[in-house]
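Thanks for coming, everyone. Have a look at the structure on the screen, and I'll walk you through the ligand and what surrounds it.

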Amino acid sequence: MRALKTAILSAALALGLAGAAQASEAVHLDKQNWPHSGVFGTIDKAAAQRGFQVYKEVCSACHSMRLVPIRTLAGIGFKDDELKALAAGYEVQAGPNDAGEMFMRPGLPADRFPSPFPNDNAARAANNGALPPDLSLIAKARVGGEDYIYSFLTGFEDPAPAGVNLMPGMNYNKVFPGHQVGMPNILQPDGVTYADGTKATVEQEAKDVSTFLTFVAEPHLDERKQMGVKVILFLLVLAGLMYASKRKLWSTLH
Ligand code: HEC
């Protein structure tokens, strides 16, 4: 019985592994050297700020980020007055007032980023039937994370490779599952003019916005890593102290 179970389990595992290997063979991600990867890595705040500029000026025409309060940007270096000014530039729905009506007011840092469309149907209607996903957690939601987002944004090919029949309104993308995507190739050289003077190539824009989306998906990543390092150091010191006191206590008993 036991042997049978083991056999079934290992067969299932082997199949699963084969499936996973196949899936990863299908796409080749253009892996980047991210300053935030690794145990000691931290988010490149300047890059994330540029990435926010790309989100604001390009992506936010179609994609919401509705789980993210505007003040989250304090984590990449926005000062209080900058956050207030930024928030005030958005209109958010509030209410109901005494008459029971909803009304619009200028945003506050505690508000979440307003969505470009009132609901999913409106978003689909404006995008040829495809729904632009909310970007709050996209860096966590896609296998490959920021490497996938970077590869996706730089992976459009026009015209599509020979032999590919695109459906009307669809675009060819190297890494998107099935390769036909409802999103147009949106990043252009100098599509944004960076406030810090960085040259806005397509690769630079893709890298910056991927860094920004990694940050919003996990705004406390840096602190979490720092805490981890502190905890390990503390445990090492504690282990040393315990060992020293054990030696001291037992030395009198011999
Ligand atoms: C003109 C509207 C439009 C703009 C602007 C736009 N997108 Fe999209 N995006 C879409 C649509 C529509 C989809 C869904 C495509 C589909 O499912 O076929 C999508 C899908 C995506 C996906 C998910 C891909 C996947 O694997 O499911 C990501 C990531 C993404 N967009 C990122 C961005 C970023 C970052 C920007 C800004 C640089 C941006 N988009 C700008 C319309 C847009």
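So, the ligand takes up the space of the largest pocket. A pocket here, on a 1 Å grid over the protein atoms alone, is an open set of points with protein on both sides within 12 Å along at least five of seven lines, and a molecule sits in one if more than half of its atoms lie within 2 Å of its grid points. Keep in mind that this is a predicted model, where local features need pLDDT of at least 70, side-chain atom pairs count only at pLDDT 80 or more, and totals for linings use all residues. Residues are numbered from 1 along each chain, and side-chain values use heavy atoms, without hydrogens and water.

Who's around the ligand? There are 21 residues, and C59, C62, H63, Y148 and M183 come nearest; being near means having a heavy atom within 4 Å.

Now the iron atom of the ligand. H63, through NE2, and M183, through SD, coordinate it at 2.0 to 2.1 Å; donors are N, O and S atoms within 2.8 Å of the metal. H63 is in the loop between α2 (45-57) and α3 (80-88), and M183 in the loop between β5 (180-181) and α7 (202-217), so the pair ties together parts 120 residues apart in sequence. Helices and strands are DSSP runs, H or I of at least four residues and E of at least two.

Last, polar contacts, meaning N or O pairs within 3.5 Å. Ligand oxygen atoms lie 2.9 Å from a side-chain N or O atom of R142 and 2.8 Å from a polar backbone atom of G182.

How values were computed
A polar contact is a pair of N or O atoms within 3.5 Å; within protein, one must be able to donate a hydrogen and the other to accept it, and residues adjacent in sequence count only if both atoms are side-chain atoms. On a 1 Å grid over the protein atoms alone, a cavity is a set of points where a 1.4 Å probe fits but cannot get out, and a pocket is an open set with protein on both sides within 12 Å along at least five of seven lines; lining residues have an atom within 4 Å of a point. Donors are N, O and S atoms within 2.8 Å of the metal (3.2 Å for Na, K and Ca); water is not among the atoms, so sites may look incomplete.
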